Amino acid sequence: MRSLKEFAKLAAAMIHADQGRNDAFDEYDAMYHVDWQLPGELVALEWVRCVRNMDPHDAVSTGTRVLSSLIPKIKYQPLNPAAKAQAGEWEKNLRWQMQAANRRRATKVERSVVMSALRYMAVAVQVVDLDYQIEQYKFLNAKSLRLKAARRHGRFMVLDYNPQVIHVRTSGLMTEAVLLACRKPAQEVVDDWGDRAPSALRKLAKDGQRIEYYDFTDYEDRGVWCTAIGGGDDDEKVMEIVREAHKLPFLPWVALMGKSTLESDGKDEYQPMYYPLMKSGVWKTTMIASSLAVSDVLARASYPRYAEEGVNQSEETQIDYTDPSRVAKVPVGNTLRALPPEQGDPALQNVVAELQGQMAKSTVSRILQGGEGLAGEAFAALNLRTQTAVGALKPAKELAEQALAEVFTLMLLWAHYTENDLSAYGTGKFDVGENYVIPWNAIDPSAIYLTVSLTADLPTDQMARLNAGMMANRLGVSKETIMEDVGIEDPDSELENWYLERYTDEYVALQVAAMQGEQQMQMQQAAQEQAAAAAQTAQAGMSGVAGQGQGYNPAMGGTPAAVAYPGMTREGATGVDMSGNPIAEQGP
């Protein structure tokens with residue numbers, strides 16, 4: 001077990017190694033918060049006004065909105081074809097765990113991760129298993145009421161940190177150690193650690209003091225200590241809280257630091273969106289040029305509009321500004337000449353436009369910030385420009401996807417280590433209330449293959465994907481693959497629901513057709529029965545007439561049957577004449 005002095009020495013070395021990185025991060029923060037002041041020589045000039053450029057802030061805000069508005073798509077790779085359906089349930093479970101963690105936060109985890117990737121090209125997240133933490137607090141005699149209250153919103157806490165307070169030691173294999181070094185209220189530390197908090201720390205908490213807090217974790221040990229702000233790191237001034245072997249087979253941290261070059265300078269190891277603006281100084285130069293251009297225009301705003309000329313020096317031209325016509329009364333002997341408005345320095349304005357164009361190329365396109373399309377621009381051209389603009393976000397997008405995938409992996413590792421199943425519930429239209437469980441013994445820590453995809457929230461992108469998917473389906477691409485590409489969270493359930501709807505529609509159509517056929521048969525049968533009855537009645541009537549003998553035989557001088565019994569004729573039986581017209585009823 002390392003001594004506290006060894007922990008402090010390791011921490012000091014890690015903090016010193018990241019000094020150049022944090023200097024760059026400070027400049028990135030200044031860009032995001034639009035924190036800039038005029039140089040001293042310009043401040044001395046009273047006519048110069050400070051103009052700040054918000055493009056860096058707008059670029060990160062736009063990228064965060066585009067990449068984090070939609071729910072991330074989780075893809076768990078099953079180890080065999082038979083586990084495909086199980087993989088879908090695991091994906092729903094992990095998605096529910098993240099949604100539960102987001103309910104206790106003002107900002108979604110996905111949004112914080114994406115913003116950190118865009119601003120710093122670095123992401124630092126800690127995944128805390130509340131069930132495990134509550135059990136640990138019992139041994140520490142620490143207050144766990146806050147954790148129990150947080151547990152009502154889900155099992156995991158996903159805590160994101162500013163990468164400036166996270167220091168990482170890496171190797172060619174992986175992340176070897178993580179150090180959290182930040183300032184906290186002493187009372188907050190006492191609440192977290194309970195009886196483990198030393199008496200000196202409790203005294204600082206009563207006085208409302210803040211302290212320097214250190215939390216070091218590697219694959220063997222964990223050390224937590226603190227010092228008073230400005231108190232140094234002498235052994236007598238260091239307050240030890242925890243120093244133990246944690247026994248976890250994994251680091252409960254996601255600390256991805258986007259080292260993208262082989263430079264030894266810490267500043268150049270991280271290249272976020274702001275990197276070219278910092279290295280070139282174009283952001284500061286743009287604000288200096290903008291301040292001079294705007295100040296020049298404001299200084300010229302009170303230029304004289306007229307010049308009065310003439311020999312009459314005793315009187316001046318009077319202009320009535322209360323009259324909309326603004327009639328000028330010029331004294332006799334004088335003339336009033338209008339002066340052209342003064343123009344700003346065109347060279348300075350050109351410089352500002354050029355610098356702003358350079359910043360736009362280094363950040364994000366205006367089209368992602370709600371810029372209008374070109375007049376008469378075709379949809380294909382607009383979509384191409386939009387996709388090209390999204391391409392500028394790809395490095396940060398990939399880092400954020402990797403970080404979220406590691407967050408979900410840690411959830412599975414916690415469940416396996418604590419031997420505590422992961423439970424979740426369906427929230428969709430067709431699976432509301434359905435229980436999805438990931439048994440802890442079904443998790444293989446050495447075979448967790450999980451990816452996350454962030455889908456850009458762009459209407460043009462969605463429409464293009466749908467059109468491409470329909471064409472691909474005609475070429476033989478499965479509907480499931482197309483749905484995954486479009487961004488549908490659970491293609492299997494969607495296909496199942498689609499088949500169910502199709503079966504229901506066809507079943508209803510068959511039932512309606514059967515009912516209509518049965519009604520038609522009944523109508524035909526009724527018509528046949530009616531015709532048969534009429535024919536039988538006619539036959540009986542004719543037989544009766546014929547039975548009267550030769551008295552109704554015209555050939556023998558008798559009365560014709562049609563005259564003797566007109567109801568038995570064709571017209572009498574059918575009620576219509578040869579032309580189909582109804583026969584009028586005869587009176588009595």
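## Model and overview

This is a predicted model: local features need pLDDT of at least 70, side-chain atom pairs count only at pLDDT 80 or more, and totals for chains, interfaces and linings use all residues. Residues are numbered from 1 along each chain as its sequence is written, and side-chain values use heavy atoms, with hydrogens and water left out.

The chain holds 20 helices and 16 strands. Helices (H or I, at least four residues) and strands (E, at least two) are DSSP runs, numbered from the N terminus. The chain has 588 residues, and 39% of them count as buried. Buried means under 20% relative accessible area, exposed over 50%, and partly exposed in between (1.4 Å probe, protein chains only). Contact means heavy atoms within 4.5 Å. Among contacts with a separation of 6 or more, 69% join residues 24 or more positions apart.

## Helix α1

Helix α1 covers residues 4-17. Its 14 residues should span 20 Å at 1.5 Å a residue, and its end C-alpha atoms are 20 Å apart, which agrees. The expected span is 1.5 Å times one less than the number of residues.

Which residues of α1 are buried? They are Leu-4, Phe-7, Ala-11 and Met-14. Seen down the axis of α1, they fall within an arc of 90°, so they line one face of the helix. The arc is that of the directions from the helix axis to the C-beta atoms. This buried set packs against β4 (166-170), β5 (175-185), β6 (210-218), β7 (221-228) and β8 (238-245). The face turned away carries the exposed residues Lys-5, Lys-9, His-16 and Ala-17.

## Helix α13

Helix α13 runs over residues 346-362. Its 17 residues reach 25 Å from first C-alpha to last, close to the 24 Å expected at 1.5 Å a residue. Leu-348, Val-352, Leu-355 and Met-359 are buried in α13. Down the axis of α13, its buried residues fall within an arc of 70°, so they line one face of the helix.

What covers them includes α4 (55-68), α11 (275-280) and α12 (282-299). On the other side of α13, Pro-346, Asn-350 and Lys-361 are exposed.

## Nonpolar cores

A nonpolar core is a set of buried Ala, Val, Leu, Ile, Met, Phe, Trp, Tyr and Cys residues joined through side-chain atoms within 4.5 Å. The largest core has 105 residues. Ile-166, Leu-201, Tyr-213, Ile-241, Leu-412 and Leu-450 touch the most other members. Helix α15 (residues 394-418) gives the largest share of this core, 14 residues. Apart from it lies another core, of 11 residues, among them Ala-11, Leu-179, Phe-216 and Trp-225.

Beyond four places in sequence, the contacts of Ile-166 include Asp-18, Arg-21, Ala-124, Tyr-161, Trp-253 and Met-257. Val-178, Leu-179 and Leu-180 also contact Ile-166.

## Aromatic rings and charges

Rings of Phe, Tyr and Trp (its six-membered ring) pair if their centres lie within 6.5 Å; planes under 30 degrees apart count as stacked, over 60 as edge-to-face and the rest as tilted. The count comes to 14 aromatic pairs. Tyr-214 and Trp-225 form a stacked pair, with 5.4 Å centre to centre and 10° between the planes. Tyr-214 lies in strand β6 and Trp-225 in strand β7, so the pair ties together parts that are 11 residues apart in sequence. Both Tyr-214 and Trp-225 are buried. Elsewhere, ring pairs link Phe-25, Tyr-28, Tyr-120, Tyr-270 and Tyr-274 into a cluster.

A charge sits over a ring if NZ of Lys or CZ of Arg is within 6 Å of the ring centre and within 35 degrees of the ring normal. The charged end of Arg-119 sits over the ring of Tyr-32, 4.2 Å from its centre. Lys-184 lies over the face of Tyr-213, at 4.3 Å from the ring centre.

The 25 residues of α15 should span 36 Å at 1.5 Å a residue, and its end C-alpha atoms are 36 Å apart, which agrees. Glu-419 follows α15, with a positive phi near 55°, although Glu-419 is not a glycine. Glu-419 is exposed, with a relative accessible area of 52%. Asp-421 is found in the loop between α15 and β14 (422-425). At 32% relative accessibility, Asp-421 counts as partly exposed. Asp-421 and Trp-440 are 19 residues apart in sequence and 4.8 Å apart in space, C-alpha to C-alpha.

Lys-247 lies in the loop between β8 and β9 (253-257). Lys-247 is not a glycine, yet has a positive phi of about 70°. At 70% relative accessibility, Lys-247 counts as exposed.
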